Amino acid sequence: MSPVSHGTFIAVEVDESVRGDTELAKRLEEACPVDIFLASDDGVQVVQENLDECVLCGLCLDASPPGTVNVIKLYDGGAVLERAA
Ligand code: SF4
């Protein structure tokens, strides 16, 4: 997994195994309230400019297979946002 980090506070990682999944890309695009995910013909794109808009809602985690999308709190020592129980 390679981190896609650009924002100061938040990084979002999408696992290689699902990055080309256009259906997942559409689900993520719909799920995220601040447009951090973009569905393209190539699959999931992370919109770097919007990363710091992340509200830690966890909807992207709910929309994806377990462990394939990680939201990393860079301001919190790299803690990973946990999926709501
Ligand atoms: S936690 Fe919410 S705001 Fe942050 S990337 Fe996921 S869906 Fe978007």
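**Reading the features**

Reply: We may begin with E53, which is partly exposed because its relative accessible area is 45%; buried means under 20% relative accessible area, exposed over 50%, and partly exposed in between, with a 1.4 Å probe and the protein chains only. This is a predicted model, in which local features need pLDDT of at least 70, side-chain atom pairs count only at pLDDT 80 or more, and totals for chains, interfaces and linings use all residues. Residues are numbered from 1 along each chain as its sequence is written, and side-chain values use heavy atoms, with hydrogens and water left out.

Me: Where is the place of E53?

Reply: Helices (H or I, at least four residues) and strands (E, at least two) are DSSP runs, numbered from the N terminus. E53 belongs to the loop between strand 4 and helix 3. Its C-alpha lies 6.3 Å from that of V34, although E53 and V34 are 19 residues apart in sequence.

Me: Which residues are around the ligand?

Reply: A residue is near a molecule if one of its heavy atoms lies within 4 Å of it. Here the residues around the ligand are C32, P33, V34, I36, F37, C54, V55, L56, C57, G58, C60 and L81. Of these, C32 is buried because its relative accessible area is 10%, whereas C57 counts as partly exposed because its relative accessibility is 40%.

Me: How many disulfides does a search of the whole structure find?

Reply: A disulfide is a pair of cysteine sulfur atoms within 2.5 Å. The search of the whole structure finds zero disulfides.

Me: Which residues have a positive phi although they are not glycine?

Reply: Most residues other than glycine have a negative phi. D35 has a positive phi of about 60°, and L56 also has a positive phi, near 55°. D35 is in the loop between helix 2 and strand 3 (37-40), while L56 is in the loop between strand 4 and helix 3. D35 is partly exposed because its relative accessible area is 47%; L56 counts as partly exposed because its relative accessibility is 30%.

Me: Which residues have the most contacts inside the largest nonpolar core?

Reply: A nonpolar core is a set of buried Ala, Val, Leu, Ile, Met, Phe, Trp, Tyr and Cys residues joined through side-chain atoms within 4.5 Å. The largest one has 21 residues, and those with the most contacts inside it are V12, L28, I36, F37 and V71. At least two residues of this core come from each of strand 2 (10-14), helix 2 (22-31), strand 4 (43-46), helix 3 (59-62) and strand 5 (69-73). Helix 2 gives the largest share, four residues.

Me: Is L61 buried or exposed?

Reply: L61 counts as buried because its relative accessibility is 4%. This residue lies in helix 3. The C-alpha atoms of L61 and C32 are separated by 9.8 Å, and the two residues are 29 residues apart along the chain.

Me: Where do V69 and V18 lie?

Reply: V69 lies in strand 5, and V18 is found in helix 1 (residues 16-19). V69 is buried because its relative accessible area is 3%; V18 counts as buried because its relative accessibility is 9%. From C-alpha to C-alpha, V18 and V44 are 8.0 Å apart in space and 26 residues apart in sequence.
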